[in-house]
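This note is meant for a colleague who is opening the structure for the first time. Please read the numbered points with the model at hand.

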Amino acid sequence: MTMIEAGLDILTLEEVANYLRVTKRTLYRLAQEGALPAFKLGGTWRFRRDELNQWITENIGKQQGGHP
């Protein structure tokens, strides 16, 4: 995988807010609290697509009481 291809798996705050259908403010709060896998790059939040998808899968299980 090239550096450019790897970069495609990094999402911005706005992209993730649209993907999760939440406000940027809510997403910013979750990232700051460490409730969502994120990192800062140059002072702005970034998200790895694979970590985000894993987080979604894990949290869906919690909300459904752990039942598939």
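Leaving aside neighbours within four places in sequence, which residues is Tyr28 in contact with? Point 5 returns to this matter.

1. Basis of the values. This is a predicted model, in which local features need pLDDT of at least 70 and side-chain atom pairs count only at pLDDT 80 or more, while totals for chains, interfaces and linings use all residues. Residues are numbered from 1 along each chain as its sequence is written, and side-chain values use heavy atoms, with hydrogens and water left out.

2. Overall make-up. The chain comprises 4 helices and 3 strands, where helices (H or I, at least four residues) and strands (E, at least two) are DSSP runs numbered from the N terminus. Their order from the N terminus is α-β-α-α-β-β-α.

3. An open, antiparallel sheet is formed by 3 strands in the order E1-E3-E2; two strands pair if DSSP finds at least two bridges between them. Strand E1 (10–12) and strand E2 (39–41) are the edge strands, each pairing on one side only. E1 is joined to strand E3 (residues 44–48) by 3 bridges, and Thr12 has Arg46 as its bridge partner in E3. Helix H2 (residues 13–20) packs on the sheet and touches E1 and E3, its direction making about 85° with that of E1. Axes here are lines fitted to C-alpha atoms, for helices over the stretch in contact, and angles run from 0 to 180 degrees between N-to-C directions.

4. The core. The largest nonpolar core has 12 residues, among them Leu11, Val16, Leu36, Trp45 and Leu52. Such a core is a set of buried Ala, Val, Leu, Ile, Met, Phe, Trp, Tyr and Cys residues joined through side-chain atoms within 4.5 Å. H2, helix H3 (24–33), E3 and helix H4 (49–63) each supply at least two residues of this core.

5. Tyr28. This residue lies in helix H3. Tyr28 counts as partly exposed because its relative accessibility is 35%; buried means under 20%, exposed over 50%, and partly exposed in between (1.4 Å probe, protein chains only). Beyond its neighbours within four places in sequence, Tyr28 is in contact (heavy atoms within 4.5 Å) with Leu13 and Trp45.
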